[in-house]
Amino acid sequence: MPTETFEFQVEARQLLQLMIHSVYSNKDVFLRELVSNASDALDKLRLAALRDDSLDADISDLHIELEIDQDARTLTVRDNGIGMSYDEVGQLIGTIANSGTAEFLRELKEAQDGAGAEGLIGQFGVGFYSGFMVADEVTLLTRRAGEKKGTRWTSRGEGTYTLEEADDAPQGTSVTLRLKPADPDNQLHDYTSVWTIKEIVKRYSDFITWPIRLVGEAGSEDDGPAEPETLNSMKALWARSRDEVSEDEYHELYKHISHDWRDPLETIQLQAEGTFEYQALLFVPSHAPHDLFTQDFKRGVQLYVKRVFIMDDCEALLPPYLRFVKGVVDAQDLSLNVSREILQQDRHIRMMQRRLTKKVLSSVKSMMAGDAERYATFWREFGAVLKEGLITDSDNRDAILAVSSFATTHGADETVTLKQYVERMPDGQESIYYITGGSRQSVDNSPHMEAFRERGIEVLLLTDPVDEVWVDAVGEFEGKRLQSIAKGEIDLGARGDEKSEGEREQQAEEYAGLLGWMSERLEEDIKEVRLSSRLTVSPACVVADAHDLTPALENMYRAMGQEVPHTKRILELNPDHQLVKGINQAYREREDRSDLAETAQLLYSLAVLAEGGRPADPAHFVKMVADRLERTL
Ligand code: ADP
């Protein structure tokens, strides 16, 4: 097969440009990325050989080699791992599959200014391509374990790469960087220096569980035969006690397994002794990935058995609502052949899941007690996911509620826990009031809020889609019912200017005719029109019956493909509002009520708009309003 030249995919080209023009201030990390890929390749080969004993591969001495050639100014990172086939090289190296990287490029384009871009870079891993920060040409030679022929890939990072078959490739992958000319002012970053390379490996890759050896001419600075030197300690961090390991070392492990370039928010360690022994090292990232709520989000931590890597994304170890947690779990007593199916049913694994879940929740609790700012970051990034646990994990519901906090009408930036809410509830208040909706602004300005605001009653502002569901599932807290202010009849009790019983009865009588007539006119949309006790400023609002689905919930079920009947809601009128009074007067005086029917329709649409909804027929609504405005000119 002749040498073929290919063009990089557009995103790949953009990324390479960034690398070549050297946007990262810390170029040393290229080595971490290449070593990380090599380590993964070794993990994959060991596993493949375990699963398939007919695989024609040598796993007797799996390792990573670094080779410096000072005369040629090259640095080679070599592994004897799984390797890649010809097609795989084209797919994996020529395109950008990693969705995080694609997102990074999108954000980078949006951040036009240099400073914004600078901040973004460094947050995203760019893997293999980072080699182009330090090299003007990169050659990758690889042979997939079990295959006869290898592949050579070469590029200067400029837009094209070449692929050719290679007969002489050993098993695994070697990446050779032709280094850019040395910077005489910056000896520390000369990657042909043995000292520099040793330093970088120690700093970023010490925990890698495979030996990283320095070979070749540079390995022998004195005379005599070149003995390869192992640069890393290979100690599994999760098996060591916390005081032996530095924060930086934990962070580098996190970056290796998560492909995140930022430090984690929290490091959690657990070492279980006894009949079923295991060690866990878990991390809470500092940022939620953008695809956290998508179907194909890869969740779960890495599973090792007796130090042998078994699988990525082991979902059996943590419940779905902790899917953002990264890390390693190393179990002593599982079979190396364990499969995902077996794990799902294994009794020990379920016990591990329970224990790990409690451990994560308790560390969030300590974060909350000890470091308000860090907790606030946690909750902003992962609160919406954690709240799913209120619905799905009744065993841990109390623990999850204890670390959950909510926006509130009492303070623009403040959040409050249910416990705090109940503690500061005035005497006589029996319910925990909340409102759900699409955004802080829409719930804050909702007409449902009026009477509560006037009386200074605290209302929780719940704006995540999951909120609709968990409030129903939880129902009450410390004996206080969770009550939506947009549902059912609300009796807020006495207020200074409260009407007397007699006045109320009289008002009810005055409006009885209008309410009945409007209920009929609006029959298609609503089930009842009644007078409201929750409005002070607005003329009308729509509310749900106490046990009805809210529109947001209806939409959610539909989005999940479930059939739900449309629930009609209730229109409430403010009897003290001039517009409502006027309508009532017109109703009582007029014989021809056709115009009034349109007004009723408009009033209903306004109520829908006010809570952030949209009228069923917006075009018709606009026409009605426009006609009326015209008449006022
Ligand atoms: P990432 O490691 O984030 O997936 P990279 O660009 O570094 O992104 O690598 C892309 C893919 O190429 C890897 O996921 C892996 O499948 C493959 N790859 C990279 N380096 C090696 C290697 N040394 N051996 C085998 N496969 C590799």
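Guide: Rings of Phe, Tyr and Trp (its six-membered ring) pair if their centres lie within 6.5 Å; planes under 30 degrees apart count as stacked, over 60 as edge-to-face and the rest as tilted. The model is predicted, with local features requiring pLDDT of at least 70 and side-chain atom pairs pLDDT 80 or more, while totals for chains, interfaces and linings use all residues. Residues are numbered from 1 along each chain as its sequence is written, and side-chain values use heavy atoms, leaving out hydrogens and water.

Visitor: How many aromatic pairs does a search of the whole structure find?

Guide: One of the pairs is formed by Phe8 and Tyr129, with 85 degrees between the planes and 6.1 Å centre to centre, and is edge-to-face. The search of the whole structure gives a count of 19.

Visitor: Which class of pair do the rings of Phe6 and Tyr161 form?

Guide: Their centres are 5.5 Å apart. Their planes meet at 20 degrees, so the pair is stacked.

Visitor: Which side chain of opposite charge is nearest to Arg397?

Guide: Arg397 is buried and has no salt bridge (a side-chain nitrogen of Lys or Arg within 4 Å of a carboxyl oxygen of Asp or Glu). Lys and Arg count as positive, Asp and Glu as negative, and His and the chain ends are not counted. At 6.5 Å, the nearest side chain of opposite charge is Asp398.

Definitions and conventions:
Buried < 20%, exposed > 50% of the residue type's maximum accessible area, 1.4 Å probe, protein only.
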